[in-house]
Amino acid sequence: MNAEMPENISVLGLGLMGSALAGGLLAAGHRVTVWNRTPAKAEPLVAKGATLADTPARAVEASPLVIVCLLDYPSVEEVLGQASLEGRVIANLTTGRPAEARETASWVAGRGGDYLDGGIMAVPQMIAQPGALILYSGSQRAFDRYQPALAAMAEPRFTGDDPGMAPLLDLAMLTGMYGQIAGLLEAAALVTSAKFPLGEFVESLLVPWLNAMAAQQPAWAAKMESGDHSTEVSNLEVNRAGLENLVRTFREQGVKPDLLLPMKTIVDQRTARGLGHEGLSGLIEELL
Ligand code: FVH
C-alpha cells in the first residue's frame, strides 16, 4: 500500500508495539525516522528503509508528527524532555491513566507542541491489519491533519478533545475484557471440577452463549442511560436466587467462587433496598 501523501513521521520507542507501528507506517510509504533507547531494536526497520536517529531530540526534529510508544508515562516525559517540541504534534500511544494523559497534554502544550493521546485496541500482530483500532483524543486539529497517516497503523477514531478520553475508553474496554475473562475462569473451573472436556464446553456452549448475550448489551446500555430499569425478563430477585444457587454449587463442587462473589454482593445490596423488581441494568446505580 502506498500513502497518497507520504509524510515525515518519527516513532520513539521500538518495543513490540512501537516496531509494529513503525513497520505499518513504512509499509504505507511514509518516510519514517525511529529512535529507541536500545538502538539494536531499530535494525529490522532500518533494513526496511527507516532512518535511525541517535537521540530523541534528533528524532523529534526530523518530523512534524511524532508517535511515542514507550513503557509508561514517566518514560515518555523522560524521553521527550530531551527534545524541543515546538510546532510538533505528539501522538502518545503509551498506555496510561486519563489523569496522566491530561498532565502530559499540558506539559507538551507548555513546550509549544500539539497533543493527541491514543489507546491501542490491538496487539502488535494486528497492526496495519483490518480489525485494528486506535482511539484518539486531544487536539482535533492535529487528528484531522494526520488522520490519513494514522490510518496506516490502525483505524483511527477520534473520541473528543479531552486528552483523557481515549485512555479512559481504552481502560473501559479492558474492563469489559477482564469481566469476560473472570467469567471464563469461573466457568472453566466449574466444568473442570465435573471432568467435562473444557475445550468442547468453551467452543460449543460458552462462546455461542456469550455472543448471544453480547448482542443484548446495546439494549442494556439504553436502559442505563435512560434510568428506566424495568424488565420483562429476569429481574434482580430472580438473579439473586440464581447467584445463590451458583455460589452454593461452586462450594459443593470444591471450587472457589471468588470472582463471582462481588457480583452477588451487589445484587444482594440492591435487592435489600427493595429494588428486586428491577433488571440487572439498575446495578449501575450501585457503582456510581
Ligand atoms: N504489546 C501489546 O500487546 C500492547 C497492546 C496495547 C498497547 N500496549 C502498550 O504499548 C506500550 C508499549 O508496549 P510494548 O509492547 O511495545 O512494550 P515493550 O516491548 O516492553 O517495549 C517498551 C518500550 O519502552 C522503552 N522504554 C522503557 N523504559 C524506558 C525509559 N525509561 N526510557 C526510554 N525508553 C524506555 C523500551 O526501550 P528498550 O527497553 O527497548 O530500550 C521499549 O522501546 C505500553 O504502554 C503498552 O502498555 C502494548
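**Entry 1. The sheet**

I looked up V68 and found N92 as its bridge partner in β5. I note that this is a predicted model, in which local features need pLDDT of at least 70, side-chain atom pairs count only at pLDDT 80 or more, and totals for chains, interfaces and linings use all residues. Residues are numbered from 1 along each chain as its sequence is written, and side-chain values use heavy atoms, with hydrogens and water left out.

Strands β4 (residues 65-68) and β5 (residues 89-92) run parallel and are joined by four bridges. Strands here are DSSP runs of E with at least two residues, helices are runs of H or I with at least four, and both are numbered from the N terminus. I then traced the sheet: it is open, has eight strands in the order β3-β2-β1-β4-β5-β6-β7-β8, and its pairing is mixed. Two strands count as paired if DSSP finds at least two bridges between them. β3 (51-52) and β8 (155-158) are the edge strands; each has a single partner, so one side of each is left without a neighbour in the sheet.

**Entry 2. Helices on the sheet**

I checked α4 next. α4 lies across β1 (8-12), β2 (31-35), β4, β5 and β6, and runs at about 155° to β5. Angles run from 0 to 180 degrees between N-to-C directions, with axes fitted to C-alpha atoms, for helices over the stretch in contact. α5 also packs on the sheet, touching β5 and β6, and its direction makes about 150° with that of β6. Contact means heavy atoms within 4.5 Å.

The axes of α4 and α5 (residues 98-109) come within 11 Å and cross at roughly 10°. That makes α4 roughly parallel to α5, a term for angles under 35 degrees; over 145 is roughly antiparallel, 65 to 115 roughly perpendicular and the rest oblique. I listed the contact as Y73, P74, E77 and L80 of α4 with E100, A101, T104 and W107 of α5. By class these are five nonpolar, one polar and two charged. Nonpolar covers Ala, Val, Leu, Ile, Met, Phe, Trp, Tyr, Cys and Pro, charged covers Asp, Glu, Lys and Arg, and the others, Gly among them, are polar.

**Entry 3. Pockets**

The largest pocket has a volume of about 2,100 Å³. Its lining has 44 residues, with G179, Q217, W220, M263 and L280 nearest the centre. On a 1 Å grid over the protein atoms alone, a pocket is an open set of points with protein on both sides within 12 Å along at least five of seven lines; a lining residue has an atom within 4 Å of a point. Points are joined across faces, edges and corners, and the volume is the space filled by probe spheres set on them. α7 gives the most to this lining, with 13 residues. I sorted the lining of the largest pocket into 28 nonpolar, 14 polar and two charged residues.

The second largest pocket has a volume of about 670 Å³. I found 28 residues lining it, with G15, C69, L70, L71 and S75 closest to its centre. The elements giving two or more residues to this lining are α1 (16-27), α4, β6 (114-121) and α7.

Note on methods
On a 1 Å grid over the protein atoms alone, a cavity is a set of points where a 1.4 Å probe fits but cannot get out, and a pocket is an open set with protein on both sides within 12 Å along at least five of seven lines; lining residues have an atom within 4 Å of a point.
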